[in-house]
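Here is a short tour of one model, written for someone who likes to check the details. Have the viewer open and follow along.

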Amino acid sequence: MAAHPPRSGPVVAVLAFGGIVVSLMQTLVVPLVPDLPELLRTSASDASWAITATLLAGAVATPVLGRLGDMYGKRRTLLLSLAMLVVGSVVCALSDTLAPMIVGRALQGFSAGVIPLGISIMRDELPAERLGSAMALMSSSLGVGGALGLPGAAALAEHADWHVLFWVSASLGAVVIALVLAVVPESPVRGGGRFDLVGALGLSAGLLCLLLAISKGADWGWASGVTTGLFAAAVVVLLLWSRWELRVSGPLVDLRTTVRRQVLLTNLASIVIGFAMFGMSLVLPQLLQMPEATGYGLGQSMMTAGLCLGPSGLVMMAISPLSARITATRGPKTSLMLGAAVIAVGYGMGIFLMDAVWQIVVISCVIGAGIGLAYSAMPALIMSAVPVSETGAANGLNTLMRSIGTSTASAVVGVVLAHMTTSFGPVELPSLDGFRTAFAIGGGAALVALAVASLLPGRGPDQRTVASERPGTPEPVAGR
């Protein structure tokens, strides 16, 4: 707010650092995936729950914690999310079997609410001239942490005991908590009302059924009774939940706001952009690590593969000021469309350029630039269309849409690479056509996002900006 202009820089830095730390949880265990069955003394199928648990917990947490932040204080809820990250990391660090690892990873997943809560705090606290670039940086931290976390996690896993990964994440979480306590003020904006417990339980149950079916369908069989039953249960539960939310006063998610054209289309675009972002994280590391003897693999170690993808995270961070400037001058719709188009170009390059490591680095940086542009535009689109008292819940729902996209990408790309294979000695490996198909699907997803974004309302002279929604902020100058 205007009373604290000297503090805006530290507030942005601390919140963005928190977002990066939280997004590290996405790639923290990726270097361990091949060894998890042995490390946890379990099967490969069961070991995958160490990743699935984080995904499910994060999906449930983001809208619930967003609403709690609107009602009881965003900083307080942010600290609760970070505390769960620390506790979950400690539980994982002390684990040698599957059950405690799943519990710890689920607790880490609950910290996913930090990014939407951080964006909402920025809306309440920052001066108008800093808000656009700050939100862009915070939103892009989701991709930045994921990209930078892979080489860091790979280095630790290669040179230290695997438990060190989780002690490091616990330490980083504790540092963020201390910085938030020292720098970030509590927002005075409150939504009030009573927490919609029935709505929270209904949404959680529906999402668990949906995402569990998506993420485990390949293991259980897409036509199996368990998978189809979960999909059917998700439809029934979410329909009943929607009916409840429309009838109750003070709902967890205001569906009437959610179906506004700008909010609805932005959330749909978020699903597809999330798909495109995670697709890159699945395809490029495998291509880099594929044996050179296949004729198309690049024969790199996990450590080298992580380093090759690291620059894309730096590109996402560097592109956020540009996205904020485009949003300020041409509107967030333009930023989102440009980001989707750049992602499509990057995937298109991937279909033809996969013969050298430097080509993969270039492809990842181009896609990263597009993701940075697109992710940075989404909070501005959401928050210019919802009341101030609902920003936490609205941003949480938008983050949830990205999670649904990443889950779907994991399932679709996994199926493509598992079924389009070639024999390499005694094993089956993804074929060159499989990788090209995965690149084509990622590019197609980006084009779908571009089409959806093109349907968003344009920036008219009477459209309110995000800044004008904040308390005490004057209306924008006409023609700005």
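## Terms and model

Helices are DSSP runs of H or I with at least four residues, numbered from the N terminus. Keep in mind that this is a predicted model.

## Helix α6

Let's begin with α6, which covers residues 98-109 and has 12 residues. From its first C-alpha to its last, α6 reaches 16 Å, close to the 16 Å expected at 1.5 Å a residue.

Which residues of α6 are buried? They are Leu98, Met101, Gly104, Arg105, Ala106, Gln108 and Gly109. These buried residues pack against several other helices, including α1 (8-27), α4 (49-72), α5 (74-93) and α9 (163-183).

## A loop residue

Between α2 and α3 there is a loop, and Arg41 lies in it. Most residues other than glycine have a negative phi. Arg41, though not a glycine, has a positive phi of about 55°. Is Arg41 buried or exposed? Arg41 counts as exposed, because its relative accessibility is 61% and the cut-off for exposed is over 50%.

## The salt bridge

The structure holds 1 salt bridge. Its partners are Lys74 and Asp70, whose closest N and O atoms are 3.9 Å apart. Both Lys74 and Asp70 are buried.

## Thr258

Helix α12 (residues 255-258) contains Thr258. With a relative accessible area of 16%, Thr258 is buried. Leaving out residues up to four places away in sequence, Thr258 touches Val253, Val263, Leu264, Asn267 and Leu397.

Key:
Residues numbered from 1 in each chain as written. Predicted model: local features only at pLDDT ≥ 70, side-chain atom pairs only at ≥ 80, totals over all residues. Heavy atoms only, no water. Helix = DSSP H or I, 4+ residues; strand = E, 2+ residues; numbered from the N terminus. Expected span 1.5 Å × (residues − 1). Buried < 20%, exposed > 50% of the residue type's maximum accessible area, 1.4 Å probe, protein only. Contact = heavy atoms within 4.5 Å. Salt bridge = Lys/Arg side-chain N within 4 Å of Asp/Glu carboxyl O.
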